[in-house]
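User: I am new to this structure. Please take me through it in short questions and answers.

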Amino acid sequence: MMTGDDVQLVTFRVGRQEFAFDILQVERILRYSAPSPLPNAPGFLEGVLPYGDGTVPVIDLRKRFELEAAIREETRLMVLELEGQRIAVLVDEVVEVLRVESTSISAPSPFVSGLAAVYISGIVTRGGRPLIILNARKLLSSSERLSLTELGAA
């Protein structure tokens, strides 16, 4: 039974760490297919994929978080809607959709600072392990969004 205080999360792995997005930020989950690279693209941009009646830029979260990983059978692309722009993020594996009480979500520790703190909207402890909830809207800075628009990727 779901109450008004429940939040649904889509959990996924990047490297060994498990992360989540609020399900309302996730439009679709796709099997991995290699994006078409763009010339002079910023390092965070893998390229673009056909999506709907246009294309969607692909951001590799493994590179964003400075983690190494190979493309595997479980690799997925999560299409996110960010304030009118769509992006796809490359993740190692989508794990599950999880329902948690909003009261079980805690703010990041004061020790989490700088760039990492910008990405994190909360933390839930699950099975003794932290599940980091990412704020999809903060994955790209305004200048990075502008770069995507100038490249024609968004």
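User: Which residue in the turn between β1 and β2 has a positive phi, and what is the value?

Analyst: This is a predicted model, where local features need pLDDT of at least 70, side-chain atom pairs count only at pLDDT 80 or more, and totals for chains, interfaces and linings use all residues. Residues are numbered from 1 along each chain as its sequence is written, and side-chain values use heavy atoms, with hydrogens and water left out. β1 and β2 form a hairpin with 2 residues between them. The residue with positive phi in that turn is glycine 15, at about 65°.

User: How many bridges join β1 to β2, and which residue stands opposite valine 14?

Analyst: Strands here are DSSP runs (E, at least two residues), helices are runs of H or I with at least four, and both are numbered from the N terminus. Two strands pair if DSSP finds at least two bridges between them. β1 and strand β2 (residues 17–22) run antiparallel and are joined by 6 bridges.

User: Is threonine 11 buried or exposed?

Analyst: Threonine 11 lies in strand β1 (residues 6–14). Buried means under 20% relative accessible area, exposed over 50%, and partly exposed in between (1.4 Å probe, protein chains only). Threonine 11 has 0% relative accessibility, so it counts as buried.

User: Which residues does threonine 11 touch, not counting residues up to four places away in sequence?

Analyst: Contact means heavy atoms within 4.5 Å. By that rule, threonine 11 touches Glu18, Phe19, Ala20, Val94, Val95, Glu96, Leu98 and Leu131.

User: What is the sense of pairing between β2 and β10, and between β9 and β10?

Analyst: Strands of a sheet pair through backbone hydrogen bonds, either parallel or antiparallel. β9 and strand β10 (residues 129–134) are joined by 6 bridges, and there isoleucine 123 has isoleucine 132 as its bridge partner. Isoleucine 132 also stands opposite phenylalanine 19. The β2 and β10 pair, over 2 bridges, is parallel, while β9 and β10 run antiparallel.

User: Which residues form the aromatic cluster?

Analyst: Rings of Phe, Tyr and Trp (its six-membered ring) pair if their centres lie within 6.5 Å; planes under 30 degrees apart count as stacked, over 60 as edge-to-face and the rest as tilted. The count comes to 2 aromatic pairs. The cluster linked by ring pairs is Phe12, Phe19 and Phe21.

User: Which residue is the bridge partner of leucine 45?

Analyst: β4 pairs with strand β5 (residues 54–60) in the antiparallel sense, over 6 bridges. In β5, the partner of leucine 45 is isoleucine 59.

User: What pattern does the protein follow along the sequence?

Analyst: The protein has 3 helices and 10 strands. Of its 154 residues, 40% count as buried. The pattern is β-β-β-β-β-α-β-β-β-α-β-β-α.
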